Amino acid sequence: MRNHKIVHNVCPRNCYETCSILSHVENDKLVKVEGNILHGYTRGRLCAKGYALTEYVYHPERLKYPIKQFPRGSGNWQRISWEEALGFIAEKIIELHDRYGSSLACGYNKYSGNIGVLHQATEGMFRGLGPHTIAQGDVCLAAGNDALIYNREKVPFKDPEDMAKAKGIVLWGVNPARTATHQWFFINKARDQGAKLLVIDPLYTPTAAQGDIFLQIKPGTDGMLAMATLKILLEKGKLDEGYIKEHFIGWETFKSYLLEEVELSEASKITGVPLEGIKELAALYESKNCATWVGFGLQRYSNGGQTVRVIDALVTLTGNYGEIGGGIYYNNSSGIFPINLKKFPRPPEQEKTKERIVDINHFASEVLALKDPPLKLLWIAGRNPLTQDQDIDKWHQLFRQLELIVTVDMFMNEIAAQSDFVLPAATFFEDYDLNYSYWHHWIGINQPAIPPYYEAKSDLEIARLLTKELNKRRPGFSSFPAERTALDWIEGEFTPEVLARLGIKNWRELLQSPRKLIPPSEKSDHQIHLFSQKAKEGQLPALARFTPPLSNPSYPLRLLTPQSLSRIHSQYSNLSWLDFGETSEEVEMNPQDAQARNLEEKDTVLIFNEGGTCERKVRLNKYLPEGVVLASQGGQDPINKLFTGLKADMGILTGGMPGGAYYDVWVEVKKND
Amino acid sequence: MTKISTKGFLFNVERCIGCHACEVACKNENKTAPGVQWRRVTEGENGTYHSISCNHCSSPECFRVCPENAYIKRRDGIVLIDSNRCAGCNTCVQACPYHAPQFDLHQNRTTKCNYCIDRQREGLPPACVVACPSGALVNIDLKHLPLESTVPTVPGFPDIRITKPSIRFFPQKGKKRYWLKEEKSESTKNTDL
């Protein structure tokens, strides 16, 4: 084959798996991708989305050049040069700085489109401007992280490969058949050695179908299921009280709460799980070395953090703590990289005032309230808030006050279409990056496999070029070190600690193959806070206990919007290879709920609440609980229009802001005549 | 000379999570035209899935019905079509119970799974098998398969009597399901196949 080479890439999507990819390149064209066998977690395999990456890179809709739109939203686009685009943006930034005396009128809303380390360059680029406006918080998993910190003072750092050694596995509100397919190798290894698989979910997911036992549960009541399970085990004398008294703070209070306040038949009624089912779960925790994987979905409720605290109490009180294989699996971020792009030194005058922080979960409404100065320039990267955010109406209000909107993306998505400038982003096949996972422990360096597509550039290249334009116009305006290349930034992340944890002397060894972190030496003598003073100080219940989910008297149906197989949130929605019939045009309903509204399969319906209205087609799903409807994310008429003001109970400790209670949404559905 | 064997697949319905990796890995490897699916994942009963491609049958109907004699059955069991001989009559497309021959509208020709024959030469398994994350799909030589632990078909799989496909299945076991207890009904537990 002519000019054939194989290059190491790492998939940077917001996903558990962060797969190691071997890219086959012929004459500078990506012709095929495959998994890298040297990666111990992904083991030479990719997911369906990964195998579709050649279609993604050369998709006919991919943006090739910087473009400018006037007037905004008109569709009247004009191709311009990078120099022209960045020159205009630089002048605007300087003008706003002169107008308001700082760069606080400039801000960004960036999230997880590419979670490689070097994609923090956007944050770095703004840091260079001095105080500015930042979208902060965690859309995804902060409530559960906080819960584990209240219980344990830190989030456990588990190796998901160890799940293969578990004697029983509980998949609690997690759907790896859609979100983490590589984990099945380790789950099935345990099953082949006799481990039972029990799945808990309100939905009969493909993961639930895999379970030896499936417990269907009413949404938001998982905490009660955990309490009831503990009560059964306590009454059977299966809890080691001697050990518990020594290692658990608040055991006596917790115990009397269990004995006095938790009633099994009541628990069965609340959760919808028959007593026999709760006993099945208790039986799994009776044997030691039971793995419990808590998904991110079950903490996207107003009681989500509390739910995770109680499940963790069940895991730890049954002695599933510290051993290999068993224990709680949630989010395994090592946090070992310094992320220098967000830390480089700045001159003292840039440190005098602080950055202005806005909650990413309520970005548009919070920004609308900002004065002195109002936000005037908004930079969007790695994000499509017009399909994925809450309060979408507020975004449209916000556009009116913004003097410049810049979006960096591969495609003309919903937010790009409302921007003044759209800058074409490079895919991860077109530049260097450093990637770690929040699930497995493998670290990899992503290397350029092909030249940039037409004029596409990475976030880092854009940051470097914009900084040069700024400093050309006004020397010293930005303190972002624009001279540093991708490889310079990568090298800087490899502190002596990181090198030691990877067992290498030089970071360049990673160019040959990904490597796994050596586990940190842990003190195993931690205490568990069933009673948490810290939680109390944060105005939360001090005791890990079930708190009931919200309900809404005005709208009877709870709307759930879980992850799909063919997309990562709004990404990949335009790939024909991934057209498995999943559509954002349907709403799934239980036949009883449909019948009560005189609805039949394929009827066109309006799904609505106080936030807005969306049109969908009915699809009947006999496995769906009554009172629950299901829709997928994204689309032309995004379901997130119905999402307003949703806050989880926790998230401030680890995310800086409360998590988003994305599953506390109530709606009604009626025929669209 | 190719050794005599019966190349085929072993499929475990209970381990298939319906992730479509096999299907897209096939497109990534073979670059089939849009709409041409040499391998497809379909939904079965009770949350199960099937992954189906050409089953390289012992009595391939495609081979029998093709007026252009474009099909061959190799000594190793692999059924191939020589698309250059194909006149686009679609007879094989109609005849195959598994929808293995796929008509390519743009080229006016039929193509189908070739068991990743180029990878075979390098000693590599088919791309779909490599991609399977749960071990549900395996390539095997049916000559060496212990028949007692496997079954010839499973519910929802097309009729195997006509073509004798080179695929075997693991039998399905019962599973415990605790459906949501609604206040009105009490019967909630059942065992599914």
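So, the buried area: domain 2 of chain A and domain 3 of chain A bury about 2000 Å² between them, with 67% of that on carbon and sulfur atoms. By buried area I mean the accessible area, with a 1.4 Å probe, that two parts lose on being put together, summed over both. Keep in mind this is a predicted model, where local features need pLDDT of at least 70, side-chain atom pairs count only at pLDDT 80 or more, and totals for chains, interfaces and linings use all residues. Residues are numbered from 1 along each chain as its sequence is written.

Where are we in the chain? Domain 2 of chain A is 142-330 and domain 3 is 557-671, with bounds from an automatic or database domain assignment. Their centres, over C-alpha atoms, sit 26 Å apart. The contact (heavy atoms within 4.5 Å) takes 25 residues from domain 2 and 25 residues from domain 3.

How many salt bridges cross the interface? Zero by the rule, which wants a side-chain nitrogen of Lys or Arg within 4 Å of a carboxyl oxygen of Asp or Glu. Polar contacts, though: 13 residue pairs across the interface, both residues at pLDDT 80 or more. That's a pair of N or O atoms within 3.5 Å; within protein, one must be able to donate a hydrogen and the other to accept it, and residues adjacent in sequence count only if both atoms are side-chain atoms.

Key:
Chains lettered and ligands numbered in written order. Heavy atoms only, no water.
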